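Have a look at the sequence and the structure first, and then read on.

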Amino acid sequence: MVFADYSGKKFHILELVVLATHPDYWRRGIAKSLLSLPISKYKNKIKIESSVVEDNEKALKFYLSLGFEVEGERQKSFSRKGTFINEKLIAYYLKD
Ligand SMILES: CC(C)(COP(=O)(O)OP(=O)(O)OC[C@H]1O[C@@H](n2cnc3c(N)ncnc32)[C@H](O)[C@@H]1OP(=O)(O)O)[C@@H](O)C(=O)NCCC(=O)NCCS
């Protein structure tokens, strides 16, 4: 799990850059417990932002199950074997 902790104009946002767990250990609550750390630690932030390619249903279900919301969509931001893929922009609100 990798976070970018901004200073300056986006200081109130924590960006989740990468989150992955080993396939042998999926569905054991590991990613959920990793994410509970920043959720409880960063009292000065208002939201966690991240993104998921739109065909990554596993990850999208995971984030939605934790209370992340889809805030938007970036069009054709990934390219895979000549096909462009949209990216869902997601956020978890630590405070209103
Ligand atoms: C997405 C990912 C991080 C989830 O990790 P994990 O350790 O398996 O997740 P958890 O066990 O903590 O799952 C918590 C909840 O999320 C949901 N969830 C997780 N994986 C899911 C899946 N494949 N299908 C449906 N729901 C899922 C479930 O509600 C799950 O709770 P439950 O098992 O009690 O039903 C993991 O699948 C992964 O590393 N994928 C590849 C990398 C990736 O896509 N990263 C995210 C995009 S950057």
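## Contacts along the chain

In this protein, 55% of the contacts with a separation of 6 or more are between residues 24 or more positions apart. Please keep in mind that the model is predicted.

## Overall layout

The protein has two helices and five strands. Starting at the N terminus, the order of the elements is β-β-α-β-α-β-β.

Taken along the principal axes, the box filled by the C-alpha atoms is roughly 40 × 35 × 20 Å. The protein has 96 residues, and 9% of them count as buried.

## Arg27, in a loop

Arg27 is not a glycine, although its phi is positive, at about 65°. You will find Arg27 in the loop that links strand 2 (13-18) to helix 1 (30-41).

Is Arg27 buried or exposed? Arg27 counts as exposed because it has 10 C-beta neighbours inside 10 Å, and the cut-off for exposed is 12 or fewer.

## Lys76, in a strand

Where does Lys76 sit? Its place is in strand 4, which covers residues 69-80. Lys76 is a residue other than glycine, and its phi is positive, near 50°.

How values were computed
Residues are numbered from 1 along each chain as its sequence is written. This is a predicted model: local features need pLDDT of at least 70, side-chain atom pairs count only at pLDDT 80 or more; totals for chains, interfaces and linings use all residues. Helices (H or I, at least four residues) and strands (E, at least two) are DSSP runs, numbered from the N terminus. A residue is buried if 20 or more other C-beta atoms lie within 10 Å of its own, exposed if 12 or fewer, and partly exposed in between; C-beta atoms are placed from the backbone. Two residues are in contact if their C-beta atoms, placed from the backbone, lie within 7 Å.
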